[in-house]
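User: Here is a model I would like to go through. Tell me what the assignments rest on.

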Amino acid sequence: MSFWVTTKRVARYGFVGFLRNGFVSLAAVFIMIITLFVFAGLLMSGAALDATLKQLTDKVDVNVYFTPTASEEQVTGVKSALERLPEVASVAYTSREAALAEFRERHKNEQTTIQALDQLSDNPLGASIAIRAKETSQYEAIAKFLEAEQASPDGAGISKVNFYQNKTAIDRLTNIIETSRTVAIAAAVFLAAASILIAFNTIRLAIYTARDEIGVMNLVGAGHWYVRGPFVVAGILYGLISGVIVLVILYPLVIWLGPGSEAFFGTFNVLDYYTGSFGFFFLTIMSSGVALGAISSFLAVRRYLHT
Amino acid sequence: MIYFDRVTKLYNGGPPAVEDITLSIDPGELVSIVGHSGAGKTTLLKMLFAEIFPTEGSVYFGSREIAGLSERELLELRRNIGTIFQDFRLLPTKNVYENIAFAMEVAGKDDEDIKADVPHVLDLVGLSEKMWNFPKELSGGEQQRVAIARAIVNQPDVLIADEPTGNLDPINTHDVVEILKKINNLGTTVILTTHNKGVVDAMGRRVVTLEEGHIIRDDKEGKYVL
């Protein structure tokens, strides 16, 4: 008998079995919906956490201030050296002139300050460089590098590095970020494992109700794939149907949650995230549903297969 | 064709269900195996279609020892032995047609043969009008006739009937006996276990009597004597 004929028969029995065991199928689909909802929730909360942490991280930087007498070469030298450091994400250079213009803009309503500035024959402000690290934990290494530069014979024109003033805040933020990530991963693993187990057990129960039927199939000489195949097909159907239902229900839900999420997280809008990453969501939810249904059925039937 | 060679079967270290049984059944025979409950009738049949294996001794189907068959050969063996049970063992989520078609499908029959043979075999057991009914919609006698149709549709060499009339009224019992005789007359070996004296006497063929796991009588044209 050809592979195609067997596959066609197995698929047909899978479909028919799914429909005829309506109540059992409904229960399995319902549990799979809950499982896939947990998956979708984990994906969204993970993205929200990442966006929030990124936002916090972006607020942190280390500034190195140069003396007004520092030469252009000294400033450029430090900037190039910083750009070569693997820990550095970006450097933003502010020239002496730009620093002065910024100062004037910031104090434009303070006449005395502006007048005092005008009395000076030269620009009293030095250039500065704002440095962003890839991870908040890397600021210390960058600060150490700058200290070494400062300790060189000519001091590299560096007047001050503000890392140590911000160190406590940066350390605390680093701790919060690392703890949040660990807690989020642990919670995700726990929830995912719990929901997979629930879905697996529901499918196992569904197949338990058909154990006598499996026994009869063995008795009439049905091969393992002939017995197992229809249950795997039904498992795939549970996954596909519950996946589609979850994706459909999520849409009005994220429309409703969108403004609230933006207000709560700052820049993260759950609606934008869902619509922007729909392809990713579609593939993840559908493939999780199909894999969970098929693998659960495959394993659950094994218990009742014997020759 | 079927040969039990000094077969003993123990379950979980208890007393033997059958002990040192030697029995030969020729092709085309109709054999009734009788005995009280627990005499070992069903154990003998189960060893024949490889649901269980002997603790000692060997069971041969043709020239091949059943315990030495590969998984694939075991499946082929089962497709070559039709089975009927007291509790019918139909597939509850499949209708009558599908129950019979399923046995043909697993035997590798093509769709054309299935479409032709299923109505034919249902006609043989008098159930053509119930083709699209589900087992729960049939009486006990009708379910047993579906089980018989399923058992013979692949034209097996051997038909095993384990208490096939145990759940049936006298009229249905008579029908089943007649069908089994007809199947045997067409050349199929029929091995029947039963408690029913009327069934054994109506067959008028070979009777093997078991008691506490031993054969105590083997009559060529026997009656139910216990």
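Analyst: Chain B holds an open sheet of 6 strands, ordered β6-β7-β8-β3-β9-β10, with mixed pairing. The model is predicted: local features need pLDDT of at least 70, side-chain atom pairs count only at pLDDT 80 or more, and totals for chains, interfaces and linings use all residues. Residues are numbered from 1 along each chain as its sequence is written, with chains lettered from A and ligands numbered from 1 in the order in which they are written.

User: What makes β6 and β10 of chain B edge strands?

Analyst: β6 (81-85) and β10 (214-219) of chain B each have a single partner strand, so one side of each is left without a neighbour in the sheet.

User: How do you know that β7 and β8 of chain B pair?

Analyst: Pairing requires that DSSP finds at least two bridges between two strands. β7 (residues 158-162) and β8 (residues 189-194) of chain B share 5 bridges, in the parallel sense. They therefore count as paired. B:Leu159 stands opposite B:Val190 in β8(B).

User: Why do β4 and β5 of chain B count as paired?

Analyst: β4(B) and β5 (residues 64-65) of chain B have 2 bridges, antiparallel. A strand is a DSSP run of E, at least two residues. The two strands form a hairpin with 2 residues between them, and B:Gly62 in the turn has a positive phi of about 65°. B:Tyr60 has B:Glu65 as its bridge partner in β5(B).

User: What else does β4(B) join?

Analyst: β4 (residues 56-61) is joined to β1 (residues 2-10) of chain B by 5 bridges, antiparallel. B:Phe4 stands opposite B:Val59.

Methods. Helix = DSSP H or I, 4+ residues; strand = E, 2+ residues; numbered from the N terminus.
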